[in-house]
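This report describes side-chain contacts in a protein model. Please view the sequence and the structure before reading on.

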Amino acid sequence: MNELSSFISPQFITELQSQGLRLEEPDKNARRGGAGPSDLKAVTIDGRTVMIPIFKSSENESPFVACTPKEHGISYIRHSSGRVIPVSFPSQPRFYDLKTSDGIPYSHIATLHSSDVLATTVLQSCVRYTNRKKSCQFCAIGQSLEAGRTI
Ligand code: SF4
């Protein structure tokens, strides 16, 4: 186990996922809306990719701040304690630039989660979502459909 592996413990990942990540620069590729939790960003830390809630810098007091990524998505997370952790952000898949023959962006049909999980929602409704008292509070399946980001 190298020095970084011993630092990147399950407790560290849990803390990062609980407190979220502030971004130096807004990320237009972050997942917004859809079924299940949204406003997440895939972050690869010590070879493992995890989904982390993200915030604009001014909105949150999280002690974790991600520097603007350089070439190939290489970045760093700074903790308010002064610690710096090297990370990378998986690139946007090439199929996001493609469309079907009738003009539907592939990204509206399926999205990449983490670095190697392709997900699609076949039925864009849910018996729970129609009642906000019963629906999962983090879910935005209806908003992404209304905004035209899914089909
Ligand atoms: S409200 Fe429905 S679609 Fe949304 S996360 Fe919950 S079960 Fe899934």
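Is F64 buried or exposed? F64 is buried, with a relative accessible area of 0%; buried means under 20% relative accessible area, exposed over 50%, and partly exposed in between (1.4 Å probe, protein chains only).

## Basis of the report

The model is predicted: local features need pLDDT of at least 70, side-chain atom pairs count only at pLDDT 80 or more, and totals for chains, interfaces and linings use all residues. Residues are numbered from 1 along each chain as its sequence is written, and side-chain values use heavy atoms, with hydrogens and water left out.

## Aromatic pairs

Two aromatic pairs are found in the whole structure. Rings of Phe, Tyr and Trp (its six-membered ring) pair if their centres lie within 6.5 Å; planes under 30 degrees apart count as stacked, over 60 as edge-to-face and the rest as tilted. The ring centres of F12 and F64 are 5.7 Å apart and their planes stand at 90°, so this pair is edge-to-face. F12 is buried at 5% relative accessibility.

The pair of F95 and Y96 is also edge-to-face, with 4.9 Å from centre to centre and 85° between the planes. F95 is partly exposed at 24%, and Y96 is partly exposed at 21%.

## Salt bridge

The count is one salt bridge, defined as a side-chain nitrogen of Lys or Arg within 4 Å of a carboxyl oxygen of Asp or Glu. R78 and E24 form a salt bridge, with their closest N and O atoms 3.1 Å apart. R78 is partly exposed, at 35% relative accessible area, and E24 is partly exposed at 41%.
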